Amino acid sequence: MASNEKSYAPGQHPDLPAPTNLVGPIAWIRGNLLSSPTNIVLTALAAWFLYTILPSTLNWLFFDAVFTGEDRNACRAAGEGACWAFIGERFKLFTYGFYPLEQRWRVNLSFVLLCLAMVPVLFDKVPYRQYGLYYAMAFPFIAGWLLVGGNILVLELPIVPTDKFGGIMLTLVIGVTGIAFSLPLGILLALGRSSRLPLIRIFCIGFIEFIRGVPLITLLFVASTMLSYFLPPGTKFDLLLRVLIMVTLFASAYMAEVIRGGLQAIPNGQIEAGDALGLKYWPAMRLIVLPQALKISIPGIVNTFIGLYKDTTLVIIIGLLDPLGIGRASLSDPKWTGLSNEVYLFVALFFFISCFAMSRYSLYLEGKLETGHKR
Amino acid sequence: MNEVALPQPQRNIVSRLWNDKETRQVIIQILAFVVIFAFFFIMVRNAITNLEAIGKDISMDFLSQPSNYDISQSLIEYSSRSTHLRAMTVGIINTLLVAVFGIALATVIGFLLGVCRLSKNWIVNKLAYVYIEYVRNVPVLLHILLVHGIIVNSLPTPKNAVVVNEVAFLTNRGFFIPSPDFQPLYWVVAALFVIGVIFSLRFRKYAQKVQDQTGKHYPVFWICFGAIVGVPFIMYFLLGSPIVWEIPELKGFNYSGGLVIRPEFIALWLALSIYTAAFIGEIVRAGISAVDWGQNEAAAALGVTRGRTLSLVVIPQALRIIIPPLTSQYLNLAKNSSLAIAIGYMDIVATIGGITLNQTGREMECMAIVLTLYLIFSLLISSGMNWYNNRIKLVER
């Protein structure tokens, strides 16, 4: 052994660097892109695909796009790219719909309150979380009053008719209401469906299967065309309220199925343990079964939320103007004809950001609630 | 009820009944029934009063009256003089058409996506990931409108149609393709095809039995392929190609002759397929990665080849996990086809629930029909998939 090399006790030698052909960018490329003949072909195909699609798409989206301008002609003169000037000009309309100009602070305030209400719901390490949750439960009603207006005790706000609601604000109204009310309703339906009382079980099964068997759009049609027949004569029922009820009922049926899956995964021994402790049905459910069942169902619950949020676009078919509806209405403006792709992509971006954020949050929550049963 | 008779020192009869588990359950159910019954009773009574007030009745007579509207795509004979019932049938067929084609295409793209997501190739993997995340997080209605917008805005007018091979023409008024005109001899080929299918089903069972008993292995796939595709194909040419193709021709402002596929159908079909495929892709990926890697190793240890490991070991186990969520995706696709109304494809909702409803003013009857039809579809699809699921699920002792 050469004398200038340090000697080590057995097992004490520091780790040697990995062989150069196993680390570094070249090794990565060899391992991930060119590991076998099939892989080489696939890489070549994918690269060719990106080469044909990417430059023209990027040019259209950004480099040739027009970001400022008065009308369609400004875009046409500047080049072949997308005409984002249109979106820029209509941005307020996309956000607030036709909400009266001088009352828009109410929408902004509701949005700030919404963000405040979400903090204690989403994160569990905030101070005074208990009170925050009470506030979050009260939020839908506070926001409802803020947006619609009317008298509460001494406070009075001018009434804004709900047909002035529109744009992103309408999406948030329907989405948040649906999410806030479909979860408790879904829990009740799921408990009813797995109840030992046959009549309640049959009723819940019937309700859930009926709602899940028909498309949301037909339910919205029912709400908009024939619901008034079933109400006492002379009742006026706001269209937005009818839509909110239908969307909530629809989402709660799906929610119930997701939660039922969670309930079924809880061993019967847990309920029996509750019985042994002398807990009645509701305390046993609230303290033992539901916390475990809901934890398992989180991915499904968030998926249902995302589905509900995306389904809010369907309201354009019965004449409410969410961002998509506003966009379609704006397309008929002669100043800005033929820009449907820009409008749809803008709305798609809005939905992508919200839904992607929701699904990322669900992953984060799953990781956090994982209590280490995974091997 | 025994407790009531027993001489127990209870406070009063109400709390005694309420504190007994059995009686309490009965009381709760009776209360629930009364509430639900009262709810429906009030609704029906309101409906009767409201209908009387405006002098309407409930009747299905309107179905036999002429519809007075046109439908652009119809597989059966239909004109504006046909009845509403006929219009409804056209709507049902159109819904079924887009649902069946959509399910087929979504399954193909979905399985491809799932395989790409499992690929070790980084680019392919990430491309599939980007596709799935984009498509899943954007509403399906937006996909439908976007695809429809692209087809209508970017394809040329019939005058400047994109010509494929001199026989097919892509325009913004639809895709014009040659239509087959079947000669009498063609039915021989068709009959051979049917015989081939029946033979293959029988042969598969037989080959399975022989393999179970003796271990002898037939090349089942190639024999079935030959019987179903090969023999009719050869016969087709032996009989001198007994199909005459009618090629579309430009007449005036549009093509005539041949088959036309409307842009609305294509937009709806593609949009529903790419949307549902993203979900199916994730289901397939989850299903295949849920099969324990030890299964692969065990098959390798037994000397089973790579392809047979996939088809005999991995895929059968993965299918058990894939089928239930796949069923709900198929159901979603069928239900999402109702969004056709946004681009003017005449499905159930657009015919009977749309124009017919507006023309006749029979909201109750029309919506009842639409809801019933969708319920029937959902039941059919889910019972079909349940049957398949039962067939392939693990038989436990």
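Tutor: Gladly. Chain A is divided into domain 1 (25-88) and domain 2 (160-369), with bounds that come from an automatic or database domain assignment. Please keep in mind that this is a predicted model, where local features need pLDDT of at least 70 and side-chain atom pairs count only at pLDDT 80 or more, while totals for chains, interfaces and linings use all residues. Residues are numbered from 1 along each chain as its sequence is written, and chains are lettered from A and ligands numbered from 1 in the order in which they are written.

Student: How do you know that domain 1 of chain A and domain 2 of chain A are in contact?

Tutor: Two residues are in contact if their C-beta atoms, placed from the backbone, lie within 7 Å. By that rule, seven residues of domain 1 of chain A are in contact with six residues of domain 2 of chain A. On the domain 1 side, helix α4 (residues 84-89) of chain A gives the largest share, three residues. That side divides into five nonpolar residues, no polar ones and two charged ones. The C-alpha centres of the two domains of chain A lie 36 Å apart.

Student: What makes a residue nonpolar, polar or charged?

Tutor: Ala, Val, Leu, Ile, Met, Phe, Trp, Tyr, Cys and Pro count as nonpolar, Asp, Glu, Lys and Arg as charged, and the others, Gly among them, as polar.

Student: What makes something a helix or a strand here?

Tutor: Both are DSSP runs, numbered from the N terminus: helices are H or I with at least four residues, and strands are E with at least two. Counted this way, chain A has 15 helices and two strands, and chain B has 13 helices and eight strands.

Student: How does the radius of gyration of chain A stand against that of a compact globule?

Tutor: The radius of gyration is taken over C-alpha atoms, and the globule rule is 2.2 Å times the number of residues to the power 0.38. For 375 residues the rule gives a value near 21 Å, but chain A has 28 Å. The C-alpha trace of chain A spans about 100 × 80 × 45 Å along its principal axes. For the 397 residues of chain B the rule also gives a value near 21 Å, whereas chain B has 29 Å.

Student: Why is Leu33(A) called partly exposed?

Tutor: A residue is buried if 20 or more other C-beta atoms lie within 10 Å of its own, exposed if 12 or fewer, and partly exposed in between; the C-beta atoms are placed from the backbone. Leu33(A) has 19 other C-beta atoms within 10 Å, so it is partly exposed. Its place is the loop between α1 (24-32) and α2 (37-63) of chain A. Leaving aside neighbours within four places in sequence, its contacts include Asn121(B), Trp122(B) and Ile123(B).

Student: And is Leu172(A) buried or partly exposed?

Tutor: Leu172(A) has 19 C-beta neighbours inside 10 Å, so it counts as partly exposed. This residue lies in helix α8 (residues 167-193) of chain A. For the whole chain, buried residues make up 29% of the 375 residues in chain A, and 30% of the 397 residues of chain B count as buried.

Student: What makes Tyr128(A) exposed?

Tutor: Tyr128(A) is exposed because it has 10 other C-beta atoms within 10 Å. It sits in the loop between α6 (104-122) and α7 (129-148) of chain A. Most residues other than glycine have a negative phi. Tyr128(A), although not a glycine, has a positive phi of about 55 degrees.

Student: How many residues of chain A are in contact with chain B?

Tutor: 41 residues of chain A are in contact with 49 residues of chain B. On the chain A side, α15(A) gives the most, with nine residues. The residues of this side divide into 29 nonpolar, eleven polar and one charged.

Student: Why are β1 and β8 of chain B called edge strands?

Tutor: Two strands pair if DSSP finds at least two bridges between them. The open sheet has the order β1-β2-β3-β8 (chain B), with antiparallel pairing. β1 (162-164) and β8 (259-261) of chain B each pair on one side only, and these are the edge strands.

Student: How do you know that β2 and β3 of chain B pair?

Tutor: Three bridges join β2 (residues 168-171) to β3 (residues 174-177) of chain B, and the rule asks for at least two. In β3(B), Phe176(B) is the bridge partner of Phe169(B).
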